[in-house]
Amino acid sequence: MKRGLFSLLVLAPTFFGFSQQTIGFEGVNLGSESYYNGSSGTGGVIEKNVLFENDYNTSWSSWSGFSISNTTDVSTAGYLNQYSAFTGTGASGSVNYGVYNSSGSVKFIGRNVELVSLEITNTTYAALSMRDGDQYAKQFGSTTSADGQDDGTNGEDFFKVWIIALDEYENKIDSVEFYLADYRFSDDSQDYIVSSWETVDLSSIQEPVSALTFRFESSDNGTWGMNTPAYFAIDNLMFNENLEANNLIASNVKVYPNPSTNYLTVEDFTGVVMLLNNAGQIIFSKTIFSSEKINVSEYKNGTYFLKLTNRNNTEIKKISISH
């Protein structure tokens, strides 16, 4: 087995400050008109140390959280077209974009960030369901439900998503709401279903953010909850990362071997060592003085993150465990 060793070097002060990051999913390798829905069981997609969670159910071949897609079908209604953005492309004509379904989080692994914005639109599945109605969901603007009964809305329908910011303890910090469809205007000509990429300003969330979750609301609800398909498409998540707070000032720190089989060694470092799995959960944490040998034999094969924090700053490194 090939083993690697790396050192954490002193970072020059010129690197300090804020670095703006944009995640547009273009780093995910997809074939033409295809998608990744988590069927390989990885638990999500990681880009720039940000985890977009995915929960794939092998028994039902179903998923929740995030899939990554480049499908372009804007005309086929129904669940079989659940991976297409209603725009037909990613934001600004890009190829890849994310599709969110029902539940799941975005986790800024091992660090807090300052949110800037994200771009959002409807999926074809949700948009055509609202525009035309289907077996389960009503046609927006209609006074009746999918089964033809008066639903009490008087046609004043809406579909919105709450973007909820969490701190490192998963406590809610703040939230921003965005309407994916709104039929509540007195002038019916103003009613709309979002069909373009729209920028959602998240800068009103002032505190450092460790994760994002999402919650849907709709005027169309039934016995089992919301009838409107709980989907949206996402692209170009932008945030500021404080490099001074997220980069370790340390000399000659050694972490090896990488990949690791039974033990992971940290040498020439004094501070807090944390090992996180690819869901961002802390599975090992200890304050060390000079060196530590971490037993990783009980952990499953896969990608992990080592977070080293001293009195100056923090560094995060990707670690592989392979038995």
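In this predicted model, Asp 151 is partly exposed, with a relative accessible area of 25%, and its side chain meets that of Lys 138 in a salt bridge whose N to O distance is 2.6 Å. Asp 151 and Lys 138 both lie in the loop between helix H1 (124-132) and strand S10 (158-166), so the pair ties together parts that are 13 residues apart in sequence. Because buried means under 20% relative accessible area, Lys 138 counts as buried at 1%.

Lys 138 has a further partner in Asp 157, with the closest N and O atoms 3.0 Å apart in this salt bridge. Asp 157 also lies in the loop between H1 and S10, so its pairing with Lys 138 connects parts that are 19 residues apart in sequence. Asp 157 and Lys 138 are both buried, and shared partners join Lys 138, Asp 151 and Asp 157 into one network of salt bridges.

Among the nine salt bridges counted there is also the one between Asp 132 and Arg 131, where the closest N and O atoms are 2.9 Å apart; here Asp 132 is partly exposed at 41% relative accessible area, and Arg 131 is partly exposed at 43%.

Turning to the rings, the count comes to 21 aromatic pairs. The ring centres of Tyr 299 and Tyr 304 are 6.2 Å apart and their planes stand at 40°, so this pair is tilted; both Tyr 299 and Tyr 304 are buried. Elsewhere, ring pairs link Phe 25, Phe 52, Phe 66, Tyr 100, Phe 159, Phe 214, Phe 216 and Phe 232 into a cluster. Charge and ring come together where Lys 293 lies over the face of Tyr 263, at 5.3 Å from the ring centre.

Note on methods. Residues are numbered from 1 along each chain as its sequence is written. This is a predicted model: local features need pLDDT of at least 70, side-chain atom pairs count only at pLDDT 80 or more; totals for chains, interfaces and linings use all residues. Side-chain values use heavy atoms; hydrogens and water are left out. Rings of Phe, Tyr and Trp (its six-membered ring) pair if their centres lie within 6.5 Å; planes under 30 degrees apart count as stacked, over 60 as edge-to-face and the rest as tilted. Buried means under 20% relative accessible area, exposed over 50%, partly exposed in between (1.4 Å probe, protein chains only). A charge sits over a ring if NZ of Lys or CZ of Arg is within 6 Å of the ring centre and within 35 degrees of the ring normal. A salt bridge is a side-chain nitrogen of Lys or Arg within 4 Å of a carboxyl oxygen of Asp or Glu. Helices (H or I, at least four residues) and strands (E, at least two) are DSSP runs, numbered from the N terminus.
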